[in-house]
Amino acid sequence: MDKQHDTAIGTMTDLLGSRWRLMILYSLMDGTKRFSELKRQVGDVTQKVLTSNLKALEKHGLLIRTAYAQMPLRVEYTLTVLGESLRPLIEEIIRWDQAYRARTVTA
């Protein structure tokens with residue numbers, strides 16, 4: 001593998017290295033979500049792990065965290081333009097998975 005490909009794979013691993021991050025991004029593809037909505041949609045993830053992954057995605061510029069000064073505190077997460085640019089990649093992963101599952105079921 002050449003250096004350029006090695007760098008690209010490294011970047012994607014850094015950004016999306018956790019299965020939770022892809023699931024979070026996928027969940028946000030249909031719009032802004034509150035923390036509790038994300039937790040419910042992402043599945044069997046602890047609050048600590050979800051929070052950690054949301055912070056990482058925000059740090060990488062893939063989502064925006066908006067906190068509203070009200071009680072109880074309301075926090076919403078939305079994809080950034082950069083995060084939205086991953087939509088074709090995520091959709092392709094879903095298509096690949098469907099083909100893969102269809103192939104393994106028939107094998």
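Contact here means heavy atoms within 4.5 Å.

Now, what we are looking at. This is a predicted model, so local features need pLDDT of at least 70, side-chain atom pairs count only at pLDDT 80 or more, and totals for chains, interfaces and linings use all residues. Residues are numbered from 1 along each chain as its sequence is written, and side-chain values use heavy atoms, with hydrogens and water left out.

The overall layout. The protein has 6 helices and 3 strands. Helices (H or I, at least four residues) and strands (E, at least two) are DSSP runs, numbered from the N terminus. Along the sequence the pattern reads α-α-β-α-α-β-β-α-α. Taken along the principal axes, the C-alpha atoms fill a box of roughly 55 × 35 × 25 Å.

On to the sheet. In what order do the 3 strands of the open sheet stand? The order is S1-S3-S2, and the pairing is antiparallel. Two strands pair if DSSP finds at least two bridges between them. S1 and S2 stand at the edges with a single partner strand each, so one side of each has no neighbour in the sheet.

Take the S1 side. Strand S1, residues 33–34, pairs with S3 over 2 bridges. Lys33 has Tyr77 in S3 as its bridge partner. Arg34 stands opposite Glu76 in S3.

Now the S2 side. S2 and S3 run antiparallel and are joined by 6 bridges. Arg65 has Tyr77 in S3 as a bridge partner. Thr66 has Glu76 in S3.

Look at the turn next. A hairpin of 5 residues connects S2 to S3. Pro72 is found in that loop, between strand S2 (63–68) and strand S3 (74–79). Which kind of peptide bond joins Met71 and Pro72? A cis bond, with omega at about -5 degrees.

Now helix H2. H2 lies across S1, S2 and S3, and runs at about 90 degrees to S3. Axes are lines fitted to C-alpha atoms, for helices over the stretch in contact, and angles run from 0 to 180 degrees between N-to-C directions.

H2 also packs on helix H3, residues 35–42. The angle is about 115 degrees, and the axes are 10 Å apart. Which residues meet there? From H2, we have Trp20, Met23, Ile24, Ser27 and Leu28. From H3, Leu38, Gln41 and Val42. By class, that contact has 6 nonpolar, 2 polar and no charged residues. Ala, Val, Leu, Ile, Met, Phe, Trp, Tyr, Cys and Pro count as nonpolar, Asp, Glu, Lys and Arg as charged, and the others, Gly among them, as polar.

Last stop, the largest pocket. A pocket is an open set of points on a 1 Å grid over the protein atoms alone, where a 1.4 Å probe fits, with protein on both sides within 12 Å along at least five of seven lines; lining residues have an atom within 4 Å of a point. The space in the largest pocket is about 180 Å³, a volume filled by probe spheres set on the points, which are joined across faces, edges and corners.

What lines the largest pocket? Arg19, Leu22, Met23, Tyr26, Ile90, Ile93 and Ile94. Helix H2 (19–28) and helix H6 (87–106) each supply at least two of the lining residues. The largest share, 4 residues, comes from H2. The lining has 6 nonpolar, no polar and 1 charged residues.
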